[in-house]
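Open the model in your viewer and keep the selection tool ready. The tour below goes stop by stop.

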Amino acid sequence: MATISFPEIRLHPRDAHKLRGYFGNLFQDVSPLLHNHLEGGGLRYAYPLVQYKILQDTPTLIGLGEGADLLVQLFLEIKELNIDGKIYPVYGKNIMVEEVVIGISDKLNTYRFENFWVPLNQENHARFQRYTDDEKQDQLNSIAIRNMISFFKGLGLHLSPDARVLAIAEVRLQRETQFKDNKMIAFKGLLITNALLPNHIGLGKSVSRGFGVVRKIR
């Protein structure tokens, strides 16, 4: 896992997708991992291996697997950020490369959603509105499990048939957010699971643009 941050630059969390757009355009010929668009114009639907986030107002790039190698290669080439036409010269930048353990733990771990988690798509969003509270909880738990399995597969980890991912999504705050011209429900709260997840990776929809960031708290 590689993390590049720009500690002297401050941006708003809503600028994460602009950060993605800037680097996706700047290095558009380097790798589809940077923008998730294939040469023929199609989309790369696998779990994003390069993610763009604003963590505590600091622009941050996170690379996983091949994405980590890619960020290490490009680190010295990043001289400035251009966000909405405003140029931010890069006078200082940090890179951290670390090995992370992922998989299933023999105990439960608690993660906090550091920003909003968007678990629902347009289809199940409509059904979710009609569910009872218990049905809503079951749905969110199930989606969280699928999100984590997608993350594992994206990094080449295929769980054995007898491995079971457990999850309870303790969401306490929700709001409507605009996602690709559709109104969707986004949540904040805790995720209790036996999965081992690296800090600051994303779960759910639009993780490459900074949504669904998790951080272990215990």
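Select Phe6, Tyr22, Phe23, Phe27 and Tyr52: these residues form one aromatic cluster. Keep in mind that this is a predicted model.

Stay on Phe23. Ignoring neighbours within four places in sequence, Phe23 is in contact with Phe6, Tyr52, Leu61, Ile78 and Leu81. Phe6 and Tyr52 also belong to the aromatic cluster. Now widen the selection to the largest nonpolar core, which has 56 residues. Which of its residues touch the most other members? They are Phe23, Leu81 and Leu197.

Next, the other ring pairs. The structure holds 10 aromatic pairs. One of them is Phe113 with Trp117, a stacked pair with 4.9 Å centre to centre and 5° between the planes. Phe113 and Trp117 are both buried. Then pick Phe151 and Phe152. Their ring centres are 5.7 Å apart and the planes stand at 50°, so this pair is tilted. For reference, a pair of aromatic rings is described by the distance of the centres and the angle of the planes. Colour by accessibility here: Phe151 has 0% relative accessibility and therefore counts as buried. Phe152 is buried too, with a relative accessible area of 0%.

Move to strand S1, residues 2–5. Are its faces covered or open? Both are covered. Ala2 and Ile4 are buried on one side, Thr3 and Ser5 on the other.

Now show the partners of S1. Strand S3, residues 58–63, runs antiparallel to S1 and is joined to it by 4 bridges. Ala2 stands opposite Val97 in S6.

Last stop: helix H3, residues 122–130. Select its buried residues, Asn124, His125 and Phe128. Why do they share a side of H3? They cover an arc of only 115° around the axis, which puts them on the same side. Finish at the start of H3: a side-chain oxygen of Asn121 comes to within 3.1 Å of the backbone nitrogen of Glu123.

Definitions and conventions. Residues numbered from 1 in each chain as written. Predicted model: local features only at pLDDT ≥ 70, side-chain atom pairs only at ≥ 80, totals over all residues. Heavy atoms only, no water. Buried < 20%, exposed > 50% of the residue type's maximum accessible area, 1.4 Å probe, protein only. Helix = DSSP H or I, 4+ residues; strand = E, 2+ residues; numbered from the N terminus. Arc of directions from axis to C-beta. Polar contact = N/O pair within 3.5 Å; in protein donor to acceptor, adjacent residues only side chain to side chain. Core = buried A, V, L, I, M, F, W, Y, C linked by side-chain atoms within 4.5 Å. Contact = heavy atoms within 4.5 Å. Pairing = 2+ DSSP bridges. Phe/Tyr/Trp six-rings, centres within 6.5 Å; stacked < 30°, edge-to-face > 60°.
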